[in-house]
Amino acid sequence: MKALLAENGIPLLVESDDFLPIVDVVIGLPLGSAWDPPGLEGLTALSVHMLRRGTSAYKPPKGPPLPALSSQEFEASIERLGASIEVELQRTSVRIHASVIRPNLAPLFSLLGAMLEAPALGAQEFLRLRNQTMAHLESELDDDAFLGTLAWQKHLFRDHPFARPSYGTLSSLAQMRVDQLRAFFEEWIKASPMIVGFGGAISPEEAVELIEANFGVRKSKNRPFVLSEPPPPKGIQVAIVHQAQREQSQLFVTALGAKLGAPSFYPLVVANAAFGGMYTSRLVRHVRELKGWSYSAMSHLYADRVRDAWVIHTHPPLSVLGKCIKLELDLIQEFWSDGIKEDELDGAKRHLIHSHAFRRESAFQRLSPYLEAWLHELPGDALSQPSEEIARLTLQDVNQAIQSAWAFGHDLCVVISMSGPAPRLEKEAQRLSGALTIYEPRTLIR
Amino acid sequence: MPTSLRFRALDPLPFGTRLSIARFAFENGLLALLVQDHRAPIVSYQAWFKVGSRDEAVGKSGQAHLLEHLLFLDILGWPDGGIDRVVEEAGGNTNAATWVDFTHFYENLPASKLELAIQLESKRMHGLCLSEERLENEKRVVLSERKEQVDDDIEGTTQEVLHAMAFGRRHPYGWPTIGWKKDIIAITPEDCMHFYRTHYCPKRCIVVIVGDFEIETALSEIAKAYSPLAPRGIERLPPPSPPRWRPRRRTIFRPAASPKLMLAWPAPSITSPYHSHLLLVSEVLGGGRSSRLFRSLVEDMEVATDVQTHLLPFEGPSLFEIWVDLRPDSSIEEVLEHIQKELSRLEDRPLSYEELQSARNRLELRFFESLRTRSGIAEEIGFCAAVTGDPAYGFVQIERCRQSTPWEILDTVKRVFRFPPLELCLLPLEARKAHNATRSCP
């Protein structure tokens with residue numbers, strides 16, 4: 001992997017691999033949905049998705065000028081090249097992934113240059129995208145996991161920006177105006193530093209040439225943006241999303257998760273693998289293998305530049321929901337108070353270390369740790385040696401990290417997405433003796 | 001002293017420009033397809049079985065899929081904790097999938113652990129020891145999977161209903177691979193063991209290895225590990241015949257946020273050259289944001305939030321499907337009328353060179369993207385070998401797409417869309433009253 005700096009101040013990461021005749025490109029920006037001003041939730045999402053909704057005429061620094069393209073013309077041009085573009089929005093980062101068949105890399109880059117340097121941000125297209133986003137939110141009312149996630153984020157993060165829905169709500173979108181979006185673009189996106197990662201059939205020299213030909217000068221530092229640590233939850237919070245006529249529930253049990261680059265990060269990665277991150281972990285063994293209560297049973301440890309979430313997600317049928325909640329809470333209590341055991345540590349470490357090769361299999365994957373480190377303002381190699389970091393960990397390191405990260409009864413949030421008559425929902429909630437909120441699905445997107 | 005199977009080398013096959021598939025036929029019927037790729041110290045080991053839900057009997061749906069679950073659990077000679085534990089501790093991952101024409105199992109492992117995969121997979125083929133308790137537990141897991149992926153999932157529900165409409169509930173492609181609920185509940189240990197002994201035999205198995213290994217070592221390990229497997233088992237029945245096409249409309253009501261529309265036409269087997277033409281048509285109609293139906297229904301008319309087109313890759317008769325997720329207040333009739341208009345346009349005029357080239361380029365990109373990892377390459381080879389008989393069939397299809405002319409595609413369009421489609425409308429529960437009132441009008 002080569003790390004380079006183009007003349008225009010844009011850092012590049014290039015992993016050359018000509019095994020396949022395709023090239024993957026990732027353009028990363030260190031800003032995300034946490035930048036949404038309160039009341040304008042969804043503004044960052046709309047702004048980055050508007051980038052592909054047509055471009056103004058653009059004269060790139062070294063290449064031929066590009067005429068203005070409507071949204072349809074832009075999409076058709078991308079697809080004609082045998083290319084794809086996906087915009088991925090996270091809470092503190094944006095990644096624009098593009099893939100293309102090798103012969104069409106140069107014309108793709110002209111389009112990417114115009115997309116980032118001269119998006120049209122037209123009023124008509126803004127209204128169209130806003131309406132489509134609202135229609136999408138409405139259609140998500142079918143998706144129990146989506147609604148459950150909105151509910152646990154709201155309860156776990158409370159008044160922190162991570163609590164806000166990344167794609168906004170019907171009301172925040174309805175009041176959004178194109179001038180606000182244009183101002184956000186100028187203030188944050190256009191002014192943002194960016195990094196470009198290349199993986200595949202491309203040399204470092206070609207990559208530098210493409211960046212210098214198609215992009216203007218970029219700053220190396222973003223404007224300061226203060227993102228505080230999320231406050232710990234206050235005791236058990238219970239939220240129920242009342243879905244009509246479902247066959248089974250979606251159960252989320254969540255707590256604050258990890259912070260990238262913190263000393264506790266790798267110990268918590270190992271702890272999570274042992275608890276519910278592998279098919280042979282405690283959670284899967286008890287909930288799926290021994291009881292047969294849920295086909296899916298996994299825990300996920302999310303990490304960001306501040307603490308993100310730790311999420312246990314299962315789908316028990318309504319007939320055993322109460323028992324399954326109790327089992328999961330017992331497992332968490334035991335995990336948080338006693339930690340993991342020596343054989344679990346060995347199993348989790350072996351799995352994470354030996355499987356590392358699969359997370360570096362493609363050229364694109366090999367770029368990821370450097371790209372993530374840059375996007376999260378960490379030293380370049382902070383995430384590049386996970387196997388060595390994990391190999392060093394002792395049982396004491398892992399169990400100390402568990403105990404300092406979590407305390408049972410204080411840090412939990414339980415969200416159940418289920419159907420059934422209200423008394424039954426309340427009965428399940430009362431067993432948990434926590435603060436209870438019942439949501440009708442629509443209230444979560446309103 | 002363990003015995004060792006004899007084998008013979010078949011002609012190697014090129015797999016694109018960079019790789020080659022070495023092929024070996026073992027005396028008990030097993031076929032091994034080996035691809036060396038030394039770029040990283042890992043291997044993907046996959047066992048593809050020519051058995052799927054189409055091999056089940058009427059009333060026994062879900063057997064193939066349930067058996068796939070059971071084959072991760074109690075196998076004689078496997079360590080305690082089953083296959084997941086040993087593979088995870090070795091730093092690998094393992095999983096499986098079942099569909100109408102195939103079942104496959106895989107392990108992705110560090111290269112030094114190839115022997116482990118060979119041992120595990122060979123024992124999987126003859127070591128199942130099933131207890132009643134284990135079966136009942138796993139049936140609960142499968143019923144949970146069914147609830148998650150079908151009963152509580154709008155797309156899963158519509159797929160299941162549409163396929164039953166298209167093929168008929170007694171046609172081998174008409175019942176769901178996961179099985180009807182009542183059939184799953186009724187499966188007995190004897191059913192499972194009978195299905196296992198009948199179909200899990202060497203001549204129905206293709207072993208695919210892709211990655212960093214030496215061919216001689218792999219062959220010698222396979223020859224030893226699979227030697228207890230005699231050349232038993234029955235010949236597989238040919239794929240089912242196309243059902244009589246009975247176009248009709250059905251409306252179902254579910255707790256959904258907005259109406260959905262699914263249309264289906266009869267399509268040829270994946271091995272037919274016409275299948276490649278339809279892949280291009282699928283791209284033109286619904287393959288991207290500038291495709292004809294996405295652009296018109298989602299962007300211009302703003303009556304839908306999503307449009308997708310699918311061409312099923314079945315060995316036997318297949319389906320061409322259009323799925324539309326409508327906006328809550330949009331009219332199904334308006335959407336249907338527009339789709340009909342687009343299909344007529346497709347039948348009236350051959351595709352422009354530009355539109356055709358765009359579709360070819362997108363298919364090519366997607367194909368190469370699927371080959372980024374060793375497991376992706378192994379899956380491509382295994383699927384094509386099990387379903388089409390040609391492990392490099394993916395490249396054949398890409399070449400056919402490159403060679404297809406607008407006039408050939410037009411001809412296929414006329415053949416396929418001359419049939420009226422099946423129409424499945426899924427409406428929110430609240431629409432039931434209005435729907436009934438409309439129907440009862442004189």
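Figure 1. Seen across the interface of domain 1 of chain B and domain 2 of chain B are 7 residue pairs in polar contact, both residues at pLDDT 80 or more. A polar contact is a pair of N or O atoms within 3.5 Å; within protein, one must be able to donate a hydrogen and the other to accept it, and residues adjacent in sequence count only if both atoms are side-chain atoms. In domain 1 of chain B, the elements giving two or more residues to the side that touches domain 2 of chain B include strand E1 (7-15), strand E2 (19-26), strand E3 (31-36) and helix H5 (154-167) of chain B. Helices (H or I, at least four residues) and strands (E, at least two) are DSSP runs, numbered from the N terminus. H5(B) provides the largest share of this side, 11 residues. By class, this side has 23 nonpolar, 10 polar and 6 charged residues; Ala, Val, Leu, Ile, Met, Phe, Trp, Tyr, Cys and Pro count as nonpolar, Asp, Glu, Lys and Arg as charged, and the others, Gly among them, as polar. The same interface has 2 salt bridges, a salt bridge being a side-chain nitrogen of Lys or Arg within 4 Å of a carboxyl oxygen of Asp or Glu.

This is a predicted model in which local features need pLDDT of at least 70, side-chain atom pairs count only at pLDDT 80 or more, and totals for chains, interfaces and linings use all residues. Residues are numbered from 1 along each chain as its sequence is written, chains are lettered from A and ligands numbered from 1 in the order in which they are written, and side-chain values use heavy atoms, with hydrogens and water left out.

**Figure 2. Domain 1 (7-225) and domain 2 (249-440) of chain B****.** The bounds come from an automatic or database domain assignment. Between the domain centres, taken over C-alpha atoms, the separation is 28 Å. Each domain is in contact (heavy atoms within 4.5 Å) through 39 residues. The two domains bury about 3,400 Å² between them, with 78% of it on carbon and sulfur atoms; buried area is the accessible area (1.4 Å probe) that two parts lose on being put together, summed over both.

**Figure 3. The interface of chain B and chain A.** Contact involves 65 residues of chain B and 60 residues of chain A. About 5,400 Å² is buried between the chains, and carbon and sulfur atoms give 51% of this area. Between the chains there are 11 salt bridges, and A:Asp18 is paired with B:Arg18 in a salt bridge at 3.5 Å, N to O. Polar contact joins 33 residue pairs, both at pLDDT 80 or more. Helix H4 (132-151), helix H12 (353-369) and helix H13 (374-388) are among the elements of chain B that each supply at least two residues to the side touching chain A. H4(B) gives the most, with 11 residues. This side of chain B has 18 nonpolar, 18 polar and 29 charged residues.

**Figure 4. The salt bridge of B:Arg124 and B:Glu107****.** The closest N and O atoms are 3.2 Å apart. B:Arg124 lies in helix H3 (residues 114-124) and B:Glu107 in strand E6 of chain B, 17 residues apart. B:Arg124 is buried, with a relative accessible area of 0%, and B:Glu107 is likewise buried at 0%; buried means under 20% relative accessible area, exposed over 50%, partly exposed in between (1.4 Å probe, protein chains only).
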